[in-house]
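Open the viewer and keep the selection panel at hand. This tour goes one stop at a time.

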Amino acid sequence: MEYLDLLRLQFNNRVRLREKRPNILQLEAPLYHEDGDMMDIFIEIPKNGGKIKVCDFGMTLMRLSYSFDIDTPNKERILNRILSENQVEETDGNLWIETEPDKLYSSVMQLAQVVGKVSNMQLYRREIAYSLFYEKLQEFIEENLRNYTPLPKVFPIPERDDLEVDWQLKLPMKPVYVFGVKDYAKSRLVAISCLEFQKAHKQFTSIVIHEDFENLPKKDRSRITSAVDKQFISLEDFKENGLSYLERAA
Amino acid sequence: MEGKNAMVTYTSELLSSLISCKKKVVKSPHKEMKIERGSFRNDLSLKSEDGKWNFSVFMRKNQKFAENFTIGLRYHPQEGESFTLLRCNGPHGNHIDLERTNSSHYVFHIHMANIDRLNDGVFSERMGTITDKYASYEEALSYFIREVGIMDADQFFPEYIIQLSLFSEEGE
């Protein structure tokens with residue numbers, strides 16, 4: 001077969017093609033996922049001339065969905081950026097490149113790179129979700145709490161640069177320290193920070209906004225409840241009730 | 001044998017218990033799989049009968065190639081990373097360990113969590129073994145339901161429980 005011979009030649013004979021369906025060949029080449037499975041790369045032969053399509057028939061996004069969903073605008077933005085920067089198209093989950101016979105090798109490698117990058121989005125799931133939660137919280141604070149002169153990244157004990165307050169709000173009696181909490185690690189840090197501030201006799205009120213309070217381990221829920229003054233169980237809760245709380249506290 | 005995932009120490013016995021313990025459904029699957037970005041998908045959440053452990057199940061079937069499917073059980077520890085304990089796959093393609101293990105992933109196969117792989121710290125269910133326990137997605141789901149101890153499964157998967165009784169070990 002012409003395509004197989006061309007690709008074999010370009011891959012230095014380290015490649016095979018299996019017929020998956022009529023006009024669809026599955027590539028066997030030394031291109032693997034981290035779990036050892038070979039990357040799902042297919043070559044769709046045009047029926048009436050035209051360009052060859054190198055594609056994955058949705059297998060990459062299917063595999064990714066075992067542990068990671070593209071379910072937020074931020075994740076969507078990152079996926080689209082990976083695809084557009086690597087000149088790969090997506091149609092209903094199918095990642096594809098149109099190519100010419102003499103460019104099969106480079107197109108296969110180009111798609112393999114994208115398959116790898118998209119698959120690795122799961123490794124950054126914490127960072128992706130974390131930044132989105134912070135983006136939303138920051139946006140709300142900057143737009144709605146301007147009267148309280150929000151000041152980001154405050155260190156109440158100058159010699160302790162490990163104890164950071166996400167935002168400080170200015171209130172007449174004493175400042176309000178605001179913390180966003182996405183996970184148990186941040187929850188513990190906030191609990192320790194507030195206890196240290198208390199030990200240093202800082203005058204403040206502490207507010208924690210959780211991404212999902214119920215998602216924290218039980219012991220961490222107890223720890224943070226004991227250490228801070230006021231908690232909002234979600235960003236929605238803070239958006240709904242945060243302003244009235246601050247008005248009462250002022 | 002022991003392995004570490006974040007702050008938790010796992011043993012082979014614990015992994016076996018996590019897979020086989022009785023589990024209650026806390027978030028039901030959809031009645032029908034939903035098509036999303038090229039694959040049929042369904043999910044559910046589980047909790048161990050004693051309430052200690054949390055799990056999720058992912059069911060996926062490629063829209064173009066029905067034989068490219070997977071049904072997996074993920075464990076969500078209170079601390080540390082979630083990971084897949086068990087994954088029942090269809091015949092989707094080749095595997096890097098093909099020559100060493102003499103196993104082909106062009107056949108139905110099962111990936112299982114293993115302490116040594118957990119010790120490596122990345123994918124716990126990297127290697128797979130060939131299985132004759134199922135030969136279709138529906139049979140794989142019946143097998144999976146039984147292996148991971150989903151309680152009251154007939155309420156959530158009635159059609160697959162019928163299949164389960166048809167092909168039960170007692171009947172073989």
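Which residue is the bridge partner of A:Thr91 in β6(A)? Select A:Asn94: that is the partner. Strands here are DSSP runs (E, at least two residues), and helices are runs of H or I with at least four, numbered from the N terminus.

This is a predicted model: local features need pLDDT of at least 70, side-chain atom pairs count only at 80 or more, and totals for chains, interfaces and linings use all residues. Residues are numbered from 1 along each chain as written, chains are lettered from A in written order, and side-chain values use heavy atoms without hydrogens or water.

Next, show β5(A) with β6 (residues 94-99) of chain A. They pair in the antiparallel sense over three bridges; pairing takes at least two DSSP bridges.

Widen to the whole sheet. Six strands run in the order β1-β2-β3-β4-β6-β5 (chain A), open and antiparallel. β1 (16-21) and β5 (89-91) of chain A are at the edges with a single partner strand each, so one side of each has no neighbour in the sheet.

Contact means heavy atoms within 4.5 Å.

Now color by chain. The contact takes 35 residues from chain B and 37 residues from chain A. Four salt bridges link the chains (Lys or Arg side-chain nitrogen within 4 Å of an Asp or Glu carboxyl oxygen). Zoom in on A:Glu76 and B:Arg37: their salt bridge has its closest N and O atoms 2.5 Å apart.
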